Amino acid sequence: MIRAFNMRNDLLPKQDAREISLHYVIAVLCFLASLAALVAVASDRAASGWAREIRAEVTVQVRPTGLESGSMAAARAAEILAGVKGVEEVAAVEPEKAKELIRPWLGDAILTDLPIPNLVTVRLDPDKPAKPAALMAALSARDMDASIDDHSIWLKDIEQAALIIRLISISIFLLIATAAAAIVGFATRAGLTARANIIEVLSLCGASDWFIARRFQFRFAQMAGVAGLIGSGAAAVIMIILKTTALSQSFLLALPFSWYDLLILIPCPVLAVVIAAFTARTVTLKILGAGLLGEGV
Amino acid sequence: MPPQSPEDDIFTPDDRQVVTFRGVGLGYDAHSPHLHATGHDPENFILRDLNFDLPAGSFHFLTGPSGAGKTSLLRMIFLAQRPSVGEISLFGERINYADRAQVAQLRRRIGIVFQDFRLLDHLTVFDNAALPLFVRGEDPKRFESDVSELLTWVGLKSRLQAMPETLSGGEKQRLAIARAVVNRPTLILADEPTGNIDYAMGLRIMRLFIELNRLGATVLIATHDEGLIRASGMPVLELKDGRIHRRDLTADLEERLRGHQPEGGHP
């Protein structure tokens, strides 16, 4: 009984030591690409969280007019702002509390002589936040002298930082993808040269360049798939360890990973397969077309 | 002499001829160990002014001393080597300027037996023999029994799953022949196909070539085996000093009738 015919896999010899090294390199690249993707997603989430926090809070500084004291003016402003649509919570900052906040930076010496601003913290509805202009209008309507800080300077910085992290992560990802393509291209060249005798026999049996290219494409795609799974699997293990161990809690505050982030690792091996298949096919067709393996091929 | 281009050529292929050579020469560059289609000195030609036809369904032997250029001539026919000058047509198509896709298609109609076998060591005997069918995209289920039958015919029935490295020289030769004829090619080219097998098996292989020739295949066999040539009585193309000569068969026949013992001790 003849065994099942499976030349799709068998036309090229089984992997050798050179391909094991290639497996290793592709696995490492996939691991790094997966980490880059995870960091991009987590940093984006962190930046979004911080931005949401900042957007949901404004600080109002109230300047007392007439005989009204600072505390009374702050209390009145708080009362006015509490009635504005889109405001969730309002609190006038007690002068003592404000001093507590300033003390670490300025010290006790000058704190007694320093005029302490009368502040009101306003927490906005995160879904439908009140606009600073609406808050200002409400205060002006009741003859209050106030100014509003919506923390837009901080927000801009955070968004800029998040954008930079995203761009760096994407650049790393692209660099890794091109490095993987270059490595597969190099390995394909080496494979073609090492197996020139096999290719010559196939060619003399009437195999077209596409037929031969498909063999190399399949071989390298298969290899990249396995290596990609190993690399992305290793990245997933690292993430699971970070997520489940107490030691990394501070790390998770900076980069808040979610279990759903594991899903982003799925395309990594797929992408490795696509890059390897495309590169192997392109390089094979180019080398065969240029007749670089000899006149008989 | 510069190579001809399609524009300045008046050669018209004849589709009744499977192979046609017109003014074909093959030279090499004095500065390179490789044969080259261009940039050579005419004195460095190993093959000169070759003019011959192989009509459809014909059977020829190609003979000549070692280094005469038999293998180079075969290589030009199976498109592994382009001529330096002249024009070659194959199956009625001019092939000097054939592109790679055309070359692949033309080679599917040619069965080649190499002197050095060129078996794929990582494939079994069965897979090696079936290679041309697989390359053509045929369904393995459909050709499995045909391939087994052919391998049985060449005496490799018990070795279907063996690897080539475990075969003797003769078995490798028979496997190479099976691979060459498995897809019933229109043209069969063989370079010393009986060089590594005993006389009885040689005759058996020759019978296979003759049978395929009867079924319509054109056969060209390069060989040194004068005994085989004389035993078959088929026409001979002889390469001498880079040129091809048709051997006078009448003289050979007279020699045979006089009871001349063929070279190599064959009866």
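Mentor: Start with the axes. They are lines fitted to C-alpha atoms, for helices over the stretch in contact, and the angle between N-to-C directions runs from 0 to 180 degrees. Keep in mind that this is a predicted model.

Trainee: Which values describe two packed helices?

Mentor: The angle between their axes and the distance between the axes. Take helix 6 (residues 152-194) of chain A and helix 8 (residues 209-244) of chain A: they pack at about 135 degrees, with axes 11 Å apart.

Trainee: What do I call the arrangement of helix 6 and helix 8 of chain A?

Mentor: Angles over 145 degrees count as roughly antiparallel, and 65 to 115 as roughly perpendicular. Helix 6 and helix 8 of chain A are therefore oblique to each other. Their crossing is right-handed.

Trainee: Which residues of helix 6 and helix 8 of chain A meet?

Mentor: Helix 6 brings Val184(A), Thr188(A) and Gly191(A); helix 8 brings Phe216(A), Phe220(A) and Ala224(A). By class, that contact holds four nonpolar, two polar and no charged residues.

Trainee: Now the domains. How is chain A divided?

Mentor: Domain 1 covers 12-51 + 157-289, and domain 2 covers 53-155. Taken over C-alpha atoms, the centres of the two domains of chain A are 52 Å apart.

Conventions
Residues numbered from 1 in each chain as written. Chains lettered and ligands numbered in written order. Predicted model: local features only at pLDDT ≥ 70, side-chain atom pairs only at ≥ 80, totals over all residues. Helix = DSSP H or I, 4+ residues; strand = E, 2+ residues; numbered from the N terminus. Parallel < 35°, antiparallel > 145°, perpendicular 65-115°, else oblique. Left-handed = near helix turned anticlockwise from the far one by under 90°. Contact = placed C-beta atoms within 7 Å. Nonpolar A, V, L, I, M, F, W, Y, C, P; charged D, E, K, R; others polar. Domains from an automatic or database assignment.
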